[in-house]
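Have your viewer ready and the selection tool at hand. We will go from one selection to the next.

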Amino acid sequence: MTQDSFVHKGKRKILVEYLRRRIGISDENVLSAMNEVPRHLFIESIFEDYAYEDRAFPILAHQTISHPSTVAEQSELLQVKTGEKILEIGTGCGYQTAVLLAMKAHVYTVERQKDLFDFSKKKLREMHLYPKFQSFGDGFAGLPTFAPFDKIIVTCGASVLPTELLKQLKVGGKMVIPLGPTDEQVLFRFTKISPTEFEKEEFGAYKFVPMLGNTNQ
């Protein structure tokens, strides 16, 4: 496995300053996690030199690893507190999972692509990072066995709001999710203010891979 060198650590510091000054990330917990997690270990080695630029890269199963700025913004919108129980829909390569773990959250994560499920499970284990539960399954269904959750993060664009996930959120909890057609989504945050009422906030246009139902072997 490629090591985390002083060069990589230096590039991460530059990335964190970019996130702070240019993107406007102010949550020190997020910035500290982004500084701690070696993004280059989650992508193919041919992209390693560019791992700390604000770019997305192809990963397995025709998916992508999100821009660092997107990971940071979604993580900041979640307002993560130590020890919170977080459901992540779309483990992907495991990078966002690692950032949430670095923020000292208890992470429950679901991935529908078998190749990515296998890759992320192996990668996180190699890095001695352990989600509370890592599942191969349908993200639309969430993880009702472990509900309710303090926070839910959806890392793929959904064409319609998955109401089953909202049911699995605690009152007072928040869900961050991109919604809209496949070419462009809008990032939303839903706050559950009662068992049947939600406050909705909008945070601008993004482009995510689509959220798909069922599983893909």
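Select Ser194, which stands opposite Glu197 in β9. This is a predicted model, where local features need pLDDT of at least 70 and side-chain atom pairs count only at pLDDT 80 or more, while totals for chains, interfaces and linings use all residues. Residues are numbered from 1 along each chain as its sequence is written, and side-chain values use heavy atoms, with hydrogens and water left out.

Now widen the selection to β8 and strand β9 (residues 197-206), which run antiparallel and are joined by eight bridges. They form a hairpin with two residues between them. Strands here are DSSP runs of E with at least two residues, and helices are runs of H or I with at least four, numbered from the N terminus; two strands pair if DSSP finds at least two bridges between them.

Pick Pro178 to find its bridge partner in β8, Leu187.

**Second stop: two helices**

Show helix α2 (residues 28-36) with helix α4 (residues 95-102). Their axes (lines fitted to C-alpha atoms over the stretch in contact) lie 8 Å apart, at an angle of about 125° on a scale from 0 to 180 degrees between N-to-C directions. To finish, select Ala33, Met34 and Glu36 in α2, which meet Tyr95, Val99 and Ala102 in α4 (heavy atoms within 4.5 Å).
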